[in-house]
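Open the model in your viewer and keep the sequence panel beside it. The stops below are given in the order in which to select them.

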Amino acid sequence: MVYERRKAFTRLPWDEDEEKLLLQLAGRNFTYKDILEEYFPHRTMASIKNKLRKLRKKLRLYNNTHRELKERMNKGWIKYAFFHKRRPLKVLDGYAGAGDSFISYLSFSREAYACELNGTRFEELVENVLQSTQGKIVYDHKIRDLRLIQIKSLKKNIVCVRGDVEKLASLLYVLGHRFDFVDLDPCGSCMFTLPLTVKIIKNGYLAVTYGQLQLARLKRIDVLRKECPWINEKMDMYETLTSLVKWTIYEGVRAQNYTDTKLICLKELVSLSPTAWNRSVIRGFFEIRPSPALADSLNHFEKEKSKVEFLVRNVRYGLRDTCYQ
Ligand SMILES: C[S@@+](CC[C@H](N)C(=O)[O-])C[C@H]1O[C@@H](n2cnc3c(N)ncnc32)[C@H](O)[C@@H]1O
């Protein structure tokens, strides 16, 4: 297959009146086709869908059922980790957004880090953490591209970081931090952050969102191959998801050095919309343990492959095998 260079395209900005009209039309159940043809013929269908999704997200009208299921699932996963560790967890939420999930993790933790790249979301995150914990800011400092705000509340130590999660993970690794529970919940891909994340979990749990499945829907095989070299143009969504989950486990093999060997086990795979898995957000929950040797990691990876295939098949058929109920 020969890959083509993608051309940059210029976006036509939306003004406030257009945004209001779009929300009104959607609220009156106009179809996308009618909205496009009758009100916004100068735009594309993709631009209308995208704008509506962003506006709904901003107004928190987007995917309420999906959000509820995610909240329940996240709580189940952190409770499972807490139960197995039998002590407060050290937590990192790598793509924290405004902190909806992060705040629910705080009840199981004494030391927690939340990272967010977007400035507006970061302000919301700090505000929400301060409100929910009744805490106080004790430190606000910049280290290169990272802004760290430390919040103390009773016995909890919370750090909100504005910046790129990969940079934060590198810093935490160098400083010797090791985590019990890490959540990577990007809108797109977190594959570039995975190798470092595997290093900062010594014996713990990892939750991953496969946001890059949107790329498979858009047939961006070029970008997906960069994510995971096992993916090719002949694969459908089902095979692409299987490859991405296997690659997550394979990171345990790739993370190898003689002092830092890992085994990664898939505990659960969930589609946030069980009836339409191929249009939904899919999250995986993994356990990470130290491995005695590279050979053990490789043998474990071979065994884990069939479990991945079984759980991806369950997602495809809307079945759910949960590890914590
Ligand atoms: C799906 S949202 C997170 C939602 C959040 N986990 C929750 O449950 O409420 C993904 C967030 O990741 C942020 N983000 C994207 N790239 C990032 C990066 N490289 N480092 C840190 N945050 C990033 C985005 O700004 C966005 O707010």
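This is a predicted model: local features need pLDDT of at least 70, side-chain atom pairs count only at pLDDT 80 or more; totals for chains, interfaces and linings use all residues.

Two strands are called paired here when DSSP finds at least two bridges between them.

Stop 1: Select residues 136-143, strand E3, and residues 146-153, strand E4; they pair in the antiparallel sense over seven bridges. The two strands form a hairpin with two residues between them. Show Arg 144 in the turn: its phi is positive, at about 50°. Then pick Lys 142 and look across to E4, where Arg 147 stands opposite.

Stop 2: E4 and E5 pair in the antiparallel sense, over seven bridges. This hairpin has two residues between its strands, and Leu 154 takes a positive phi near 45°.

**Stop 3: the nonpolar core.** Now select Cys 160 and Ala 114. Within the largest nonpolar core, which has 73 residues, these two touch the most other members. What does Cys 160 touch, leaving aside residues up to four places away in sequence? The list is Ala 114, Leu 125, Val 126, Val 129, Ile 149 and Ile 151. As background, nonpolar side chains tend to be buried together in soluble globular proteins.

**Stop 4: the ligand.** Centre the view on the ligand and show the 15 residues around it; Tyr 95, Gly 97, Asp 100, Ser 101 and Asn 118 come nearest. Helix H5 (100-105) and strand E2 (109-116) each supply at least two residues of this shell. Colour the shell by class to see seven nonpolar, three polar and five charged residues.

**Stop 5: an exposed loop residue.** Go to Ala 293, in the loop between strand E9 (282-290) and helix H12 (294-316). Is Ala 293 buried or exposed? Ala 293 has 11 other C-beta atoms within 10 Å, and a residue with 12 or fewer counts as exposed, so Ala 293 is exposed. Next, draw a distance from its C-alpha atom to that of Tyr 238, 55 residues apart along the chain: the separation is 32 Å.

**Stop 6: the domains.** Finish by zooming out and colouring by the domain assignment, which gives domain 1 as 16-58 and domain 2 as 64-316. The C-alpha centres of domain 1 and domain 2 lie 33 Å apart.

How values were computed: Residues are numbered from 1 along each chain as its sequence is written. Domain bounds come from an automatic or database domain assignment. A residue is near a molecule or strand if its C-beta atom, placed from the backbone, lies within 6 Å of it. Helices (H or I, at least four residues) and strands (E, at least two) are DSSP runs, numbered from the N terminus. Ala, Val, Leu, Ile, Met, Phe, Trp, Tyr, Cys and Pro count as nonpolar, Asp, Glu, Lys and Arg as charged, and the others, Gly among them, as polar. A nonpolar core is a set of buried Ala, Val, Leu, Ile, Met, Phe, Trp, Tyr and Cys residues joined through C-beta atoms within 7 Å. A residue is buried if 20 or more other C-beta atoms lie within 10 Å of its own, exposed if 12 or fewer, and partly exposed in between; C-beta atoms are placed from the backbone. Two residues are in contact if their C-beta atoms, placed from the backbone, lie within 7 Å.
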